[in-house]
Amino acid sequence: DGFYKVVVPSDIIQWRTQAKLVVAPKSSSWAKDGCRFGLYQRRSHDVLDIPNCSVHHPSINQAVEVLEKATDRVGTAAYTEDSREGGLRYVQLTVERTT
């Protein structure tokens, strides 16, 4: 394991209307220079950025972009497990579907 990463593409896009994303510091764990959002890499707590994820509903991708800019602007510190400090650990995003 770890020799290569397997990615299985799909023709189905923009179907996911819910996402729980991990929040990580943009630079060092002590900096209050904003946050980045993504998923844990397999078998680790390393966060993989997923900008413009093709399976997420476009509104989720737009919300992530807005959150990145907002945390940058106000200097939000992401939670870090090492220090057990920081203001933001996860975000849960849901798109309301029309019925």
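**Entry 1: helix α1**

I began with helix α1 of this predicted model, which covers residues 58-74. Its 17 residues reach 25 Å from the first C-alpha to the last, close to the 24 Å expected at 1.5 Å a residue; the expected span is 1.5 Å times one less than the number of residues. Helices (H or I, at least four residues) and strands (E, at least two) are DSSP runs, numbered from the N terminus.

I noted two things about the source. Residues are numbered from 1 along each chain as its sequence is written. Local features need pLDDT of at least 70 and side-chain atom pairs count only at pLDDT 80 or more, while totals for chains, interfaces and linings use all residues, and side-chain values use heavy atoms, with hydrogens and water left out.

Which residues of α1 are buried? I found I60, N61, V64 and T71. Buried means under 20% relative accessible area, exposed over 50%, and partly exposed in between (1.4 Å probe, protein chains only). Seen down the axis of α1, the buried residues fall within an arc of 100°, so they line one face of the helix. The arc is that of the directions from the helix axis to the C-beta atoms.

Their cover includes β1 (18-25), β2 and β4 (90-94). On the other side of α1, I listed Q62, V66, K69, R73 and V74 as exposed. After α1 comes G75, with a positive phi near 75°.

**Entry 2: salt bridges**

I took a salt bridge to be a side-chain nitrogen of Lys or Arg within 4 Å of a carboxyl oxygen of Asp or Glu. By this rule I get 4 salt bridges.

D72 pairs with K26, the closest N and O atoms being 3.0 Å apart. D72 lies in helix α1 and K26 in the loop between β1 and β2, so the pair ties together parts that are 46 residues apart in sequence.

E65 forms a salt bridge with K69 at 3.4 Å between the closest N and O atoms. The two are 4 residues apart in α1, separated by about one helical turn. E65 is partly exposed at 41%, and K69 is exposed at 55%.

E81 forms a salt bridge with R89, with 4.0 Å between the closest N and O atoms.

**Entry 3: Y40**

I then looked up Y40, in strand β2 (residues 35-40). Is Y40 buried or partly exposed? Its relative accessible area is 27%, so Y40 is partly exposed. Leaving aside neighbours within four places in sequence, Y40 is in contact (heavy atoms within 4.5 Å) with V22, H45, D46, V47, E81 and Y90.
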